[in-house]
Amino acid sequence: MFTSIKSKVILFYMVVLFVTLSLLGIFLYFSLSKIVYHSLDSSLLSRAKAIATLISTDRDETEFNFSDDVMWEYNSPKSNNFFQIRRFNGTTLEKAASLGNLELPFSAGEIGIAFKTILLGKKPVRLVNFPVPGERDPQNPATLNKQGIIVQCAVNMQDRLYLLKSYGIVLSSSVIFIIVISAAGGFLIAKKALTPIREISEKIDGISESNLSGRVSTESVPKELTVLASSFNRTFDRLEKAFTRQRQFAANASHELRTPLSVILSQSEILLRKERSAREYQNALSIISGAATIMSEIVQKLLALARLSTDTVELTPEAINLGELVRDSARLLRPLAEQKGVSIHMPSVAEAKIIGDRTALLELFSNLIENAIKYNVPGGKIDISFIGEAGYIVTEIRDTGIGIPAADLDKVFDRFYRAGKSHLKDRGGIGLGLSICREIVKLQGGRMQIESIEGEGTRVSVHLKADEHVG
Ligand SMILES: Nc1ncnc2c1ncn2[C@@H]1O[C@H](COP(=O)(O)OP(=O)(O)O)[C@@H](O)[C@H]1O
Ligand SMILES: [Mg+2]
């Protein structure tokens, strides 16, 4: 029931309000009740004292000098004022006519001033016992000069109790009224405050796969929600980019395969049109074979990429001397380097031990060294070095080649992406090498970076986790 933010906020707010107002109400009620009792008690006490002054006692007799002026208040049976005068032992000496047959309650031994609320018949009354102590004869302390008496004075307090009760009812209904009004107000405020969230979510619902370009306007939402709106927008930016890349990838793959495929088709058609000479057959077949080789290479790389980008790929980690592994990769590419007149330099001994999958790492470094040769200039140089850095071994491959335009630098890892334009076809790449490299490095728990200055050269750094168990 209270799962929405709105109802939780309102509930919390109502509980706080209820507790605060109830405490305030209780405080006000008790303050008033204290005032009422205090005024009642002090007037009772003055009455009791007034009555006491009208009594004269000695050892044997007690005299009451009550005048009618005083007594009229106590004489009518309908009066709300009562008194009763007793000895300390409880014997009644005199009582007001207003009491009728009733007696003010008293238990012997109560000799201090005491206030009580009691029921007299059916009426609630406030009662005070006011003791007037006896006196001993100063000449003869063994004999009593004056006997002690108790003046009991009472007043009907039905009106006051009614006042207190009404006050209590007014207070509690005010609390309930305020709570209902504030709950309604709170509901409206919460509803208004949450409207922008609903609008954002409607906007987001409207953004679909086919229309990823929609964005939540950050200007029309309240300040508190702009963070949310812009983080949605960033997520959609990323999604849109990912979708575009994916679409681009599919388009590129088809495009790359279409060229050799159309070569194969047209060559076969030409061959089949009429009888050809053995030489013509040979020429055409070698063209077909060349195109098929390209297709096979593309398909192989695509498969490798697909395998590497799923989580199910199985690697066999082993301790590897990185220096030797890189040298092996370079050795395989020596013919290509010699053909281009590019020299490769690397330290003869490198204390670079890592744990990794040998086949994947050979693929990684031969791709990187192949790029450094392919995109180099005749007579160019390649420098390879290893540096230990905070638990990682950084392999740097620097070349003196043509470099990569700054605008293309973040795209070279994209599938089928080839930087620049003019140099591409003759260097024979298909643009999958770096994508494969990045997947391999990721699987090995490392990272790679590429920096380049167009026309000067390129530096690729590969961070791989060092094997810390071996020296
Ligand atoms: N060392 C390098 N020097 C200059 N350009 C490079 C280098 N390495 C990669 N590139 C650029 O990045 C693109 C992508 O590289 P890669 O994925 O290996 O594809 P391929 O080598 O098949 O073209 C290359 O086409 C090239 O433009
Ligand atoms: Mg390459």
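This is a predicted model: local features need pLDDT of at least 70, side-chain atom pairs count only at pLDDT 80 or more; totals for chains, interfaces and linings use all residues.

Visitor: What makes strand 10 and strand 12 a pair?

Guide: Two strands pair if DSSP finds at least two bridges between them. Strand 10 and strand 12 have five bridges, so they count as a pair. Looking at one spot, Ile320 stands opposite Ile354 in strand 12.

Visitor: Which residues of strand 12 are on its covered face?

Guide: In strand 12 (residues 353-357), Ile354 and Gly356 make up the covered face. Lys353, Ile355 and Asp357 are on the uncovered one.

Visitor: What is the order of the strands in the open sheet?

Guide: The order is 4-3-9-6-5, five strands with antiparallel pairing.

Visitor: Why are strand 4 and strand 5 called edge strands?

Guide: Strand 4 (92-95) and strand 5 (114-120) each pair on one side only. From one strand to the next, the twist averages 25°.

Visitor: What makes a residue part of the shell around ligand 1?

Guide: Its C-beta atom, placed from the backbone, has to lie within 6 Å of the molecule. For ligand 1, 22 residues surround it, and the closest are Tyr375, Arg418, Ala419, Gly429 and Gly433. Helix 8 (358-374) and helix 10 (433-443) are the elements that give two or more residues to this shell. By class, the shell has 10 nonpolar, 10 polar and two charged residues.

Visitor: How do you know that domain 2 touches domain 3?

Guide: The chain is divided into domain 1 (5-165), domain 2 (223-309) and domain 3 (317-465). Two residues are in contact if their C-beta atoms lie within 7 Å. By that test, 11 residues of domain 2 are in contact with 10 residues of domain 3, so the two domains touch.

Visitor: Which helix gives the largest share of domain 2's side?

Guide: Helix 4 (223-273) and helix 5 (278-309) each supply at least two residues there, and the largest share, six residues, comes from helix 5. That side of domain 2 has six nonpolar, two polar and three charged residues.

How values were computed:
Residues are numbered from 1 along each chain as its sequence is written. Chains are lettered from A and ligands numbered from 1 in the order in which they are written. Helices (H or I, at least four residues) and strands (E, at least two) are DSSP runs, numbered from the N terminus. Axes are lines fitted to C-alpha atoms, for helices over the stretch in contact, and angles run from 0 to 180 degrees between N-to-C directions. Ala, Val, Leu, Ile, Met, Phe, Trp, Tyr, Cys and Pro count as nonpolar, Asp, Glu, Lys and Arg as charged, and the others, Gly among them, as polar. A residue is buried if 20 or more other C-beta atoms lie within 10 Å of its own, exposed if 12 or fewer, and partly exposed in between; C-beta atoms are placed from the backbone. Domain bounds come from an automatic or database domain assignment.
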